[in-house]
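Have the viewer open as you read.

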Amino acid sequence: MEYKVKNGWKKVTNKEEIFLFSEEYKSFLNIGKTEREFVKEGIKFVESKGFVSADTKDKLVPGNKIYYVNREKNLVLAVIGKEDIEKGVNYVVSHIDSPRLDLKGNPLYEEFELAYMKTHYYGGIKKYQWASIPLAMHGVVILGNGEKVEIKIGEKDSDPVFTIPDVLPHLASKIQGERKAGEVLKGEELQIIVGSIPTTVEDETVKSQIKYAVLEILNKDYGMVEEDFISAELELVPAGSAKDIGFDRSMIGAYGQDDRICGYTSMRAITDIEEIPDKTAVCFLADKEEIGSSGSTGLKSDYLAYITGDIIEKIKGHFNEMILRRVLWNSQSLSSDVNVGVDPIFKGVHDIQNAAKIGFGVVVTKYTGARGKSSTNDADAEYVGKIRKILNEENICWQIGELGKVDEGGGGTVAMYLAQLGINTIDIGPALLAMHSPFEVSSKLDIFETYRAYKAFYKKG
């Protein structure tokens with residue numbers, strides 16, 4: 001009669017399988033720390049599973065496995081189903097961008113014979129968490145001649161790293177002690193130190209010798225001049241690899257698990273489909289969620305409609321706007337994003353009865369938003385019932401969860417942008433501790449159950 005959830009580890013008999021899956025997940029996290037890297041490695045992975053570029057297909061038939069790439073920041077996978085596509089598509093939509101620091105367009109300067117670079121933070125972060133930790137630089141630079149150069153510094157043991165020096169506690173009482181928590185470190189203070197040795201060039205016109213020496217290194221290694229920063233996308237992310245947490249190794253600590261934990265599991269789920277699904281299955285990996293899903297690679301763009309239209313045309317041999325609208329309106333999706341797990345240290349921010357716990361399985365979130373369900377989807381009861389039935393039939397560990405107390409805060413996902421297209425949508429993904437920090441914590445059991453949930457949805461949705 002009563003609704004009760006149990007610790008998932010008490011139910012499972014396949015601990016070795018869960019741990020093996022988690023090792024593969026950790027390896028992918030280490031490689032794909034940016035949206036571009038995730039897409040690049042994702043293409044290699046899905047091609048090894050038999051997926052081919054949609055550009056190579058003029059016609060699609062049931063069982064075809066294809067992928068689309070949008071500006072190196074969206075990866076979309078599709079397995080064509082047996083049913084008429086006008087009956088709808090099963091979408092699982094994750095985002096593969098994460099909070100980070102981006103270099104400014106003109107970042108490099110010198111003061112007190114130290115070279116620094118200025119950053120602009122991306123997404124919701126606690127700025128003080130990014131000081132005094134090793135940072136790696138990942139990204140691309142478009143040189144003046146049009147050549148694209150990839151940069152990754154700080155991940156190899158032999159690489160240098162970067163850091164944002166914090167002020168020592170002995171001198172912090174006035175400069176930081178009187179600031180509010182959100183301003184312990186201010187946005188303009190998020191600057192990385194990048195050099196301290198002056199150039200050996202003897203030229204009276206070179207006034208900033210440390211800065212010039214840094215430019216010499218960049219020119220030698222990457223062909224860059226200072227103006228090339230303007231056409232660069234260089235991101236600062238925590239250096240180092242994903243780690244097991246706890247004496248029992250039951251958890252994973254890593255950067256970028258929001259939301260690459262869902263990106264990876266949804267990608268694995270669609271590549272592991274054994275039989276041709278009834279409905280066409282689509283795994284959509286989006287960019288820009290952390291800043292509102294804007295831009296041509298965010299979910300506010302028309303790219304989901306674009307690829308759906310292309311699939312329709314290649315299946316049916318013709319296309320019109322009404323067919324696209326019918327397909328979208330008959331479709332259903334999982335907005336695959338993380339929820340927050342209860343931390344006993346800060347349990348006061350939660351309604352415990354409606355809060356998720358790590359290790360208790362994938363989290364079904366009917367609505368997110370903030371204060372009065374603002375800016376959310378709020379799935380209808382019929383669709384929640386359908387998802388609940390699928391999870392129970394597949395014996396998947398799951399739980400319900402809300403993102404904090406009613407007036408405590410809240411958050412958003414891509415769900416409402418899917419719903420605006422008429423797609424029946426609900427949020428479902430694992431819970432994390434320390435979300436949006438440089439070192440987020442997940443449960444290995446939850447990761448595996450999330451994968452199983454997405455795979456079941458592709459099959460039965």
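## Pockets and a helix pair

The lining of the second largest pocket divides into 14 nonpolar, seven polar and eight charged residues, where Ala, Val, Leu, Ile, Met, Phe, Trp, Tyr, Cys and Pro count as nonpolar, Asp, Glu, Lys and Arg as charged, and the others, Gly among them, as polar. The model is a predicted one, with local features needing pLDDT of at least 70 and side-chain atom pairs pLDDT 80 or more, while totals for chains, interfaces and linings use all residues. Residues are numbered from 1 along each chain as its sequence is written, and side-chain values use heavy atoms, without hydrogens and water.

Tyr3, Val5, Asn392, Trp398 and Ile400 lie nearest the centre of the second largest pocket. Helix α8 (381-393) gives the largest share of this lining, four residues.

| Pocket | Volume | Lining |
|---|---|---|
| Largest | About 900 Å³ | 28 residues |

A pocket here is an open set of points on a 1 Å grid where a 1.4 Å probe fits, with protein on both sides within 12 Å along at least five of seven lines; lining residues have an atom within 4 Å of a point.

Now to the helices. Helix α5 (residues 257-271) packs against helix α10 (residues 444-460) at an angle of about 45°, with axes 8 Å apart. That makes α5 oblique to α10, since angles under 35 degrees count as roughly parallel, over 145 as roughly antiparallel, 65 to 115 as roughly perpendicular and the rest as oblique.

Terms used. Axes fitted to C-alpha atoms, helices over the stretch in contact; angles between N-to-C directions. Helix = DSSP H or I, 4+ residues; strand = E, 2+ residues; numbered from the N terminus. Points joined across faces, edges and corners; volume = space filled by probe spheres on them.
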